[in-house]
Amino acid sequence: MSADLPPLPAEKATDSDAMLVERTVAGDQKAYELLVIKYQRRIQRLIGRMVRDVDLVEDIAQETFIRAYRALAQFRGEAQFYTWLYRIAVNTAKKALMDLKRDPTVSENAFKSGQSEENDETSPLENELTSSETPDAVLASKEIAEIINAAMEALPEELRQAITLREIEGLSYEEISEAMDCPIGTVRSRIFRAREAISQKVKPLLENQSGKRW
């Protein structure tokens, strides 16, 4: 840490990404460590939904943070830091898959592990699938999760990314627009089409469960 940098206030360590970026660029390595800690699990889950081989997830996540660190001086704050980091993660994963000549897909293990991780934000869909505790409900939820996973895997890449950012990561339409570098109207269209495609696969099961819907 640079000698002329004041101590990082503990109570703000995870609150202001912009502050942490600024301090990292100024030479405060601890500030970047806090950013890594804050977003590491989310980035790993994101990559896990793109990469079938779970053994690659950690390596790609590490490469993502290395690339982000090297490019941090170029971050101007026009977008949220996580949105910027997300784009780096997606590009890093795509490059790794291209190098290995593998196709991006949704990882069922990553999808399920994302539901069980403590202290992680969950989407309305995930809450819905884990809210019931009876054996029949648990079995039905597992079946729905498998169908949703398969339906997401079958989506075109741009639809899969859009619905993942909205329903799993909880980003706003504006943030998704920035992350995917496309107009908000395009984002809305992609999410609508993704939901329609998934709904067609899930509807038969949901019709047998009152109060359940996509």
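A residue is called buried under 20% relative accessible area, exposed over 50% and partly exposed in between, using a 1.4 Å probe and protein chains only. By this scale Arg 42, with a relative accessible area of 17%, is buried. The structure is a predicted model, in which local features need pLDDT of at least 70 and side-chain atom pairs count only at pLDDT 80 or more, while totals for chains, interfaces and linings use all residues. Residues are numbered from 1 along each chain as its sequence is written, and side-chain values use heavy atoms, with hydrogens and water left out.

Arg 42 is a handy place to begin a tour, and its surroundings come next. Arg 42 lies in helix H2; helices (H or I, at least four residues) are DSSP runs, numbered from the N terminus. Leaving aside residues up to four places away in sequence, Arg 42 touches Tyr 82, Glu 169 and Leu 171, where contact means heavy atoms within 4.5 Å.

Side chains of opposite charge can pair when their charged atoms come close. With a salt bridge taken as a side-chain nitrogen of Lys or Arg within 4 Å of a carboxyl oxygen of Asp or Glu, the count comes to nine. In one of them, Arg 42 pairs with Glu 169, the closest N and O atoms being 3.2 Å apart. Because Arg 42 lies in helix H2 and Glu 169 in the loop between helix H8 (157–168) and helix H9 (173–180), this pair ties together parts that are 127 residues apart in sequence. Glu 169 is buried, at 3% relative accessibility. Glu 169 also forms a salt bridge with Arg 49 (3.2 Å, N to O). This second pair links the loop between H8 and H9 to the loop between H2 and H3, 120 residues apart. Arg 49 is likewise buried, with 3% relative accessibility.

Lys 94 sits in helix H4 (residues 81–100) and Glu 157 in helix H8, so the pair ties together parts 63 residues apart in sequence. Both residues are partly exposed, Lys 94 at 32% relative accessibility and Glu 157 at 25%.

Two packed helices are described by the angle between their axes and the distance between the axes. Axes are lines fitted to C-alpha atoms, for helices over the stretch in contact, and angles run from 0 to 180 degrees between N-to-C directions. The axes of H2 and H4 come within 11 Å and cross at roughly 45 degrees. That makes H2 oblique to H4, since angles under 35 degrees count as roughly parallel, over 145 as roughly antiparallel, 65 to 115 as roughly perpendicular and the rest as oblique. On the H2 side the contact involves Leu 35, Tyr 39, Arg 42, Ile 43 and Leu 46, and on the H4 side Phe 81, Tyr 82, Leu 85, Tyr 86, Ala 89 and Val 90.

Helix H2 (residues 29–48) also packs against helix H3 (residues 57–71), at an angle of about 140 degrees and with the axes 9 Å apart. This makes H2 oblique to H3.

Note on methods. Helix = DSSP H or I, 4+ residues; strand = E, 2+ residues; numbered from the N terminus.
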